Amino acid sequence: MAQNAKPVVHVFLQLDAKSSVIEKTLRQQLPELNVTVFGRLRDFEERLTAAHPDAVLSIGPILQQHGQTATLQGYRGGKSVEPYVLAAVNQPLTGPLAGKTIGVVELLGREGTQAFVSGLLKEPSLKIKRVAKIEDLLSLLEFSAADGIVLPSSMLGMLLERTRLVIKTRELPGALVGLPAVAVLNPAAREIVVRSFQQLDAPTKHLLGIDSWRAP
Amino acid sequence: MTSRRAPTRTMSVPLGALLALLAGCATTGNESGAGTPAVAQIVDPPARSGAPTVLIAMPSSPIFLEVRKSLVSEVQKTFSIHTFVVGPETTVADLASTIKAVAPACLVLMNNATTNLYRQYQAANPAAVMPPAVVLMTAFAEEVQARLRRATGIAYEVPGVTAFVNLRSVIRAPIGRVGVVYRPAFRKFVERETALAAKEHVELVSVSVPNDVTAAELRDALHDLAQKSHVDAVWMLNDNALVRGPEFVDDAWRLELSEAKLPLIVGVPNLVDPISPLATLAVVPDHEALGFQAANLLFELSENDWKVERFPLELPLSVRTVVDLKLVRANFGLRPDALKHIDKALE
């Protein structure tokens, strides 16, 4: 971070809003930071390597994959994690899942996402269909291109609002994934980044899927 | 059929640009991508020793490059990439010599001109074992696929159901019946779309018009959809013959729809223009996501020993939306939170 320059923050989150909307909101809410929101993992990863941001906002598994530690952890309802669910059309996807085709939003690259979903479903023999955006999961179900989809429980409402398909879910015991967290990569930017995120208003925190921040 | 009244000229949408866009989209017309300038030279990533090669045959115009960029960024750690630019001057012999030199594990063929070349290559080599092919950005991909040996791919036309669900997420007015006018070449496509739309409880009300449909005939068909079939919206197919020029669009689409006050869904963004209102929503392929989807298809083929026969044509999963907010607010009501889900809102 150059002297007098705003700390650069890169954001990669799959939320119920276009990344352009999230970026506009965060830029308004975080005037002391230079925020870029990425809609695609590849872009996020490329810029992470090339641009060396001062901080990153993403979910736990993504931060961990890049060896980053949360400086500020997002919480919702007093919890720092949220359950993921398995959704299917007409009836829940019960029974053994081996060989089933499961849709998921791209989060961790091809192998990382395969391992992530296999871990959530406790089944290594899955066929994973990665999609670019959360709303694309609905297309998978409409086109019968997947037996089921895995998504955060908080995204289920958005899906149900959009579709007339009868969506049934199966809870996944132990499938808890970290909520958005901020990892400060440049210690010199720590104070301003932490202060800025802690001052976010409630609607913006709601947009990010959290209601408070805490130091882990 | 007869026209009911004299048309009024209000067209200001740049139809030249629209037709160029349609040329790049899935239509029955020219799919060469002509009309968009060729860009910088394509550079393939360094070949990976021992990795199977994917040969990408494509035009060099920007929309194809966007798909290639996304595709290559996904697969370059697994496959070697060789890109073969196809232009109007490219011959079957050029393609054949490239295939011979590269010996690809799989081909990616972008647009109809490229798939036609490959079809001619297959016809000229009837006994040869063909590498599998993935067809992208091609009009009537299902029909094209059926005429090729060992081919699968991703359809380019955005499914109507995707467009209807997006319209529902933007406007308050109910969407239960959607009208569509089609020419005979689109019959099978419309049949498939009817079944898909039914999954989302949308009844697709279709009206066939002749190949050489006049503006008056098209206007009458639209009038019947609005007044007799009581559709809630109209879906315009990406068919050059239904959008022949500014006067045709004025005389048929604009005249009827401005009177009926029905939302019009289109497949090209140029027809969404608050200054000269016509379409309410454009739903277009997300080219970056299309490249990502194609990459996933390549991985799946590779994991299945390139047994392409097991892979039916896929539908495009991801789209981008352009909305005339002025039109929505004035006529159909904007849903709360709609702005969060629109890629481009115009007013």
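**Ground rules**

I am looking at a predicted model, where local features need pLDDT of at least 70, side-chain atom pairs count only at pLDDT 80 or more, and totals for chains, interfaces and linings use all residues. Residues are numbered from 1 along each chain as its sequence is written, and chains are lettered from A and ligands numbered from 1 in the order in which they are written.

**Chain B, overview**

I counted 11 helices and 12 strands in chain B. Helices here are DSSP runs of H or I with at least four residues, strands are runs of E with at least two, and the numbering starts at the N terminus. Of the 347 residues of chain B, 52% count as buried. Buried means that 20 or more other C-beta atoms lie within 10 Å of the residue's own; exposed means 12 or fewer, partly exposed is in between, and the C-beta atoms are placed from the backbone.

I also looked at contacts, meaning pairs whose C-beta atoms, placed from the backbone, lie within 7 Å. Taking those in chain B between residues at least 6 apart in sequence, 76% join residues at least 24 apart.

**The parallel sheet of chain B**

In what order do the strands of the open sheet run? I read S2-S1-S3-S4-S5 for chain B, 5 strands with parallel pairing. Strands count as paired if DSSP finds at least two bridges between them. Strand S2 (80-85) and strand S5 (151-153) of chain B are the edges, each pairing on one side only. Neighbouring strands are turned by 25° against each other on average, direction ignored.

Then I went strand by strand. Strand S1 (residues 53-58) of chain B runs parallel to S2(B), with 6 bridges between them; B:Met58 has B:Val85 as its bridge partner in S2(B). S1(B) also pairs with S3(B), again parallel, over 4 bridges, and there B:Val54 stands opposite B:Cys106. S3(B) and S4(B) are joined by 4 bridges and run parallel, with B:Met110 partnered by B:Leu136.

Which residues of S3(B) are buried on each face? I found B:Cys106, B:Val108 and B:Met110 on one side and B:Leu107 and B:Leu109 on the other.

**Helices around it**

Helix H3 (residues 92-102) of chain B lies across S1 and S2 of chain B, at about 165° to S1(B). Helix H4 (residues 112-124) of chain B packs on the sheet too, touching S1, strand S3 (106-110) and strand S4 (133-136) of chain B, and its direction makes about 135° with that of S3(B). For these angles, axes are lines fitted to C-alpha atoms, for helices over the stretch in contact, and values run from 0 to 180 degrees between N-to-C directions.

Helix H2 (residues 62-75) of chain B is mostly covered, with 10 of its 14 residues buried. Among them I noted B:Phe64, B:Arg68 and B:Glu74.

**Further along chain B**

Strand S10 (residues 281-285) of chain B has 5 of its 5 residues buried. On the parallel side, 2 bridges link S10(B) to strand S9 (residues 264-266) of chain B, where B:Ile265 stands opposite B:Leu281. Strand S11 (residues 319-324) of chain B runs antiparallel to S10(B), with 5 bridges, and B:Pro285 stands opposite B:Val319.

**Chain A**

Between them, 12 residues of domain 1 are in contact with 15 residues of domain 2. Helix H3 (residues 60-65) of chain A gives the largest share of the domain 1 side, 4 residues.

I picked out A:Ile128, in strand S7 (residues 127-131) of chain A. Why does A:Ile128 count as buried? Because it has 23 C-beta neighbours inside 10 Å. Leaving out residues up to four places away in sequence, A:Ile128 touches A:Ile102, A:Val104, A:Thr113, A:Gln114 and A:Val117.

**Where the chains touch**

The contact takes 21 residues from chain B and 23 from chain A. On the chain B side, helix H6 (160-170), helix H7 (187-199) and helix H10 (287-303) each supply at least two residues. H10(B) has the largest share, 5 residues.

Definitions and conventions:
Contact = placed C-beta atoms within 7 Å.
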